[in-house]
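Good morning. Please have a look at the structure on the screen, and then I will go through it.

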Amino acid sequence: MKQITKLLAGAAVATMVSFGAHAQEVTLTVHHFLGPKAPAQSKMIEPWAKKIEEESNGRIKFEIFPSMSLGGNPPELYRQVRDGVADIVWTLPGYTPGVFPRLEVFELPGVHLGDARATNLAMWDLRDEYAEDLTDIHPLAVHVHAGQAIHLTSKEVRTVDDVKGLKLRTPTRTGSWVIESWGAEPVGMPVPALPQAMSLGVVDGGLVPFEVVPPLKLAELISYSVEGEGVNSRFGTSTFLFAMNKDRYESLPDDLKEIIDRNSGRDFAAEIGDVFNGVEEVGKRMVNEGKGQVVQITAAEKATFDDASASVVDRWIEEAKSNGIDGAKLVEDAKTAVQSHTK
């Protein structure tokens with residue numbers, strides 16, 4: 001009888017442990033630098049979080065903190081997720097120069113051709129080639145936006161000669177190199193600082209996608225937004241990192257890790273590309289309906305910019321080589337992969 005009692009007690013404990021494990025709840029904080037209505041949150045982060053909450057039957061919950069509301073400045077986001085200040089962040093690798101030397105290849109002139117989905121899929125294909133950049137965090141996605149247009153407060157530009165001497169905002173050092181190659185002056189700053197910089201005349205404009213025009217109310221400041229026609233219509237792009245603290249990820253039960261993994265793969269990269277491609281038209285419409293206009297320069301006019309910035313690729317390859325990285329191979333592989341997904 002005592003043996004039966006012990007067996008029943010053991011079974012009860014096992015059942016309680018099993019139930020406790022199943023009922024375990026995990027709350028993950030998500031921190032980023034744009035507002036709550038920006039597409040990054042409303043169309044990417046929130047749907048992703050909701051899907052994981054549903055698939056985990058509520059065992060995983062998310063608290064999203066936009067606009068740097070957990071504290072700090074945008075360039076600190078990578079360190080915050082690496083050090084566990086936030087569980088998950090969405091940020092730009094370019095905000096921490098030198099930490100992601102391989103990922104920079106997707107920002108170089110002639111690599112991104114204006115389709116975020118195509119470049120995101122290329123990034124997924126080549127993930128092993130830049131994996132060393134991501135060893136200190138758990139990557140959920142790396143991606144790009146649709147690409148930079150040149151947004152100006154007063155001057156219309158059509159060729160590279162027209163931008164000489166202008167002060168243009170850029171978020172990354174590769175963007176600075178491109179602007180320098182045009183004979184303009186790069187001004188580095190996170191994108192939330194751009195509206196004030198434009199309104200005060202600190203910069204004559206900036207390189208950003210149309211996606212940020214609505215949340216930053218840039219249509220009130222833009223006189224001309226410049227892009228090219230068709231494929232290769234933009235002036236490069238920026239890479240983004242959606243990442244989780246490595247220890248926090250490893251602490252999760254295997255079944256919860258599997259849910260996160262299932263929602264952080266190739267399909268997610270493609271979905272992000274569709275999101276950032278899809279929001280461009282809204283920004284264009286706001287520029288045209290505001291005080292400004294969207295200017296599409298011809299292929300020949302766009303080529304004046306591309307020809308001037310070609311030297312940036314050579315500069316990047318040489319620097320990569322000095323750091324023990326085969327930059328020439330990375331550039332060729334990135335171009336080939338992006339072209340393979342470009343329609």
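Predicted model: local features only at pLDDT ≥ 70, side-chain atom pairs only at ≥ 80, totals over all residues.

Residues are numbered from 1 along each chain as its sequence is written, and side-chain values use heavy atoms, with hydrogens and water left out.

The protein chain has 13 helices and 11 strands; these are DSSP runs, numbered from the N terminus, with helices (H or I) of at least four residues and strands (E) of at least two. Its C-alpha atoms fill a box of roughly 95 × 45 × 35 Å along the principal axes. Of the 343 residues, 52% are buried, meaning under 20% relative accessible area with a 1.4 Å probe, protein chains only.

Now the core. The largest nonpolar core holds 105 residues; such a core is a set of buried Ala, Val, Leu, Ile, Met, Phe, Trp, Tyr and Cys residues joined through side-chain atoms within 4.5 Å. Phe33 and Trp90 are among the residues with the most contacts inside this core. Beyond its neighbours within four places in sequence, Phe33 is in contact (heavy atoms within 4.5 Å) with residues including Trp90, Tyr95 and Phe240.

Last, where is Ser56 found? Ser56 is in the loop between helix H2 (39-55) and strand S2 (60-65). Its relative accessible area is 3%, so Ser56 counts as buried. A polar atom of the Ser56 side chain lies 3.0 Å from the backbone nitrogen of Ile60. Leaving aside neighbours within four places in sequence, Ser56 is in contact with Leu256 and Ile259.

Terms used. Buried < 20%, exposed > 50% of the residue type's maximum accessible area, 1.4 Å probe, protein only. Polar contact = N/O pair within 3.5 Å; in protein donor to acceptor, adjacent residues only side chain to side chain.
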